[in-house]
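Please consider the predicted structure shown below.

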Amino acid sequence: MYTLTNVKAYYDSPRGPIKAVDDVSLEIRPNEILGIAGESGCGKSTLIKVIYGHINPPLRLVSGEIRAEMKDNGQVSVLSAKDLPKVWWEFISYVPQASMSVLNPVMRIENQFFDAVSRFHRAGNREQIRQQVADYLQELDLPVEVLKAYPHQLSGGMRQRVLVALATFLHPQIILADEPTTALDVVVQRGILRMLTRVQQTMGNTLIIVSHDMGVHYQITHRMAIMYAGQLVEVGPTERIFSAAQHPYTEMLIKSLPRIGDHSAREGISGRPPSLLDPPPGCPFAPRCPHAMDICTQARPPLVQIEDDHLSACFLHEEAMAAAHAQKVGAQS
Amino acid sequence: MSSEKVMELKGLTRAFRIGGLLTGTRLLAVDDVSLTLKAGEPAILSIVGESGSGKTTMARIMLRLLEPSGGDVYIDGRHVFAGADRMDSHEFRRFVQPIFQNPFEAFSSRKPVDSYLYETALNLGAAANRKQAREVIASALNSVGLDYGLVEGKYPNQFSGGELQRISIARALIPNPKLIVADEPVSMIDASLRMNIVNLFLQLKNERQVSFVYITHDLSTAYYVSDYIAIMYRGNLVELGPSDAILTDPQHPYTELLMDSVPKIGEKWDDIAVLPDVETKEYAVTHCKFAARCPYVRDICRQQRPPLVEIGPERQALCFRPIDYAPQTEREVAAAGI
């Protein structure tokens with residue numbers, strides 16, 4: 001229902017384009033929790049911006065196609081990147097990082113709700129909307145009193161819950177959450193993640209969550225996309241990513257994570273990610289990869305299917321690479 | 001002659017005033033904390049807590065960057081803040097060295113990083129001249145897996161966060177300290193590089209006989225690296241003991257809640273658990289600060305401050321539950337001792 005095909009989105013900078021999203025193809029499905037994982041600076045937040053259609057200079061959509069199918073009263077309309085801002089809140093909504101103060105500090109929460117949704121809301125006047133908001137908060141087990149509060153009167157965890165409520169009030173088909181629990185305590189984090197997963201379950205829509213914490217992905221996501229240096233290196237069911245990672249980067253990353261109750265030695269990955277200004281011509285992970293071959297520094301490996309629903313971009317998958325190549329040649333002739 | 005204790009905190013308290021001069025309140029960031037790090041075998045003690053638990057305030061006091069409001073800090077058996085035999089700054093810095101959270105803030109972007117290494121070596125008497133200093137520096141860099149030639153003359157922006165954190169560890173090693181206090185040293189480091197830094201602590205503990213105080217909010221690296229763990233909550237040390245014992249069999253209800261809340265890999269959350277996260281003015285209360293969230297709370301917990309109870313070899317918890325909620329009389333509250 002939402003697909004990205006060969007999308008490139010770069011930031012213009014005086015030193016040249018920063019290739020934060022570099023040839024990403026991804027299918028976003030209804031009724032799933034999709035996790036986007038990767039280290040800081042790998043482009044995962046930019047990918048979320050692109051999916052949200054929030055593409056403002058210096059960020060620029062260089063090439064590729066974005067195609068979203070919006071269901072509206074039984075009708076399906078097809079949207080491209082530039083149409084998305086018009087359907088924020090009702091089709092696609094965004095929960096920002098907890099550390100960001102996106103709420104207006106001098107406005108009561110109820111007025112922020114009103115400001116955000118009244119534009120799209122077809123049913124009724126201010127009082128009716130206020131009542132619906134109150135009902136919705138109750139549904140989410142939030143105290144209705146928060147509506148009368150100013151943001152600074154709420155704890156960090158409660159502010160983030162309000163943002164989740166705000167983002168999901170109009171039942172969007174896609175909810176994007178960019179590190180929604182960073183900077184919050186783990187106890188509060190667990191509560192907010194549970195709130196997000198419950199909303200997703202109730203509405204049956206799509207939740208896309210960006211996190212650098214692999215534990216968060218393990219706990220709540222159904223499918224994961226692993227990003228490295230602006231590219232997707234692996235996409236697959238969460239359970240398979242953790243039990244049978246295909247890409248060397250994912251495999252090494254997961255092996256490096258310490259686990260409580262297990263004292264076995266863990267190794268980090270030596271080296272560092274490449275600069276997004278000047279990424280290597282081949283596989284972005286090749287300089288750090290213990291399996292790197294000649295071809296890895298020359299050509300970029302495409303994402304190919306390894307097993308059901310599990311894609312990886314690595315030249316080690318010789319058979320899958322050959323099959324994908326044959327298919328491509330076949331399609332061309 | 002050196003003391004039997006690398007570090008000892010006795011009844012350590014630090015209050016801050018928050019808010020206005022007249023309307024403000026006193027916040028006890030660190031509230032009567034006692035703990036000891038023994039000499040002999042070097043050890044890694046993790047101080048684990050969430051934001052606002054007082055762990056960074058404790059780190060700053062241990063590093064002599066902040067004076068306590070009450071209680072005493074001893075390093076190598078000597079007073080740090082008061083007394084006639086007080087350690088002077090020079091002695092202190094040869095014995096205790098810091099590692100900070102953000103390596104990019106620890107080095108000025110306008111000076112080559114090796115200039116800091118030379119300063120440390122020459123100021124703290126690790127070397128008499130630049131030539132000697134160079135050797136000392138090269139050996140310290142070697143210990144953290146870096147080559148002097150690759151560091152010389154370079155500026156901070158030429159390194160990754162992980163490399164720069166290694167350099168700050170190398171700098172800390174130069175005076176051959178007995179104790180390194182590391183405040184969230186890997187929280188700014190990428191996941192794929194984090195373990196390299198954490199492993200370095202283990203390696204340095206063994207090879208250079210350094211003890212570490214590792215301050216973190218991350219239970220999984222704390223478990224991985226430490227011999228002892230201290231759990232902080234709202235300024236109180238609520239549980240202390242060997243890391244295996246604490247994390248496999250937590251005794252304080254807060255430790256239990258914390259353990260349950262960590263998004264672990266390989267063990268899914270159940271969906272039924274009650275998650276108390278009311279945020280109240282817990283710093284100010286004189287009874288148990290966790291009482292408002294505790295599933296095992298009884299009246300006594302809201303009336304008295306719980307004692308630090310010995311619950312096993314080298315283990316303590318600040319809780320009424322292990323003593324069957326017996327009211328506190330003249331009970332002797334044992335000072336924490338590892």
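Helix α4(B) passes helix α7(B) in a right-handed crossing; a crossing is right-handed if the near helix is turned clockwise from the far one by less than a right angle, and left-handed if anticlockwise. In chain B, α4 covers residues 113-123 and α7 covers residues 161-173, and the two pack at an angle of about 15 degrees with their axes 9 Å apart. Axes here are lines fitted to C-alpha atoms, for helices over the stretch in contact, and angles run from 0 to 180 degrees between N-to-C directions. Helices (H or I, at least four residues) and strands (E, at least two) are DSSP runs, numbered from the N terminus. The angle makes α4(B) roughly parallel to α7(B), since angles under 35 degrees count as roughly parallel, over 145 as roughly antiparallel, 65 to 115 as roughly perpendicular and the rest as oblique.

Which residues bring these helices together? From α4(B), B:V113, B:Y116, B:L117 and B:T120 meet B:I167, B:A170 and B:R171 of α7(B); two residues are in contact if their C-beta atoms, placed from the backbone, lie within 7 Å. The residues of this contact comprise five nonpolar, one polar and one charged, where Ala, Val, Leu, Ile, Met, Phe, Trp, Tyr, Cys and Pro count as nonpolar, Asp, Glu, Lys and Arg as charged, and the others, Gly among them, as polar.

The model is predicted: local features need pLDDT of at least 70, side-chain atom pairs count only at pLDDT 80 or more, and totals for chains, interfaces and linings use all residues. Residues are numbered from 1 along each chain as its sequence is written, while chains are lettered from A and ligands numbered from 1 in the order in which they are written.

The two chains also meet. In total, 31 residues of chain B are in contact with 31 residues of chain A. On the side of chain B that touches chain A, α8(B) gives the most, with six residues. By class, that side has 14 nonpolar, 10 polar and seven charged residues.

Attention now turns to the interior. Helix α1(A), residues 44-52, is mostly covered, with seven of its nine residues buried; a residue is buried if 20 or more other C-beta atoms lie within 10 Å of its own, exposed if 12 or fewer, and partly exposed in between, with C-beta atoms placed from the backbone. After α1(A) comes A:G53, whose phi is positive, near 80 degrees. In chain B, six of the eight residues of α1 (residues 55-62) are buried, so this helix is largely enclosed by the rest of the structure.

Leaving aside neighbours within four places in sequence, the contacts of A:L176 include A:I48, A:I51 and A:Y52.
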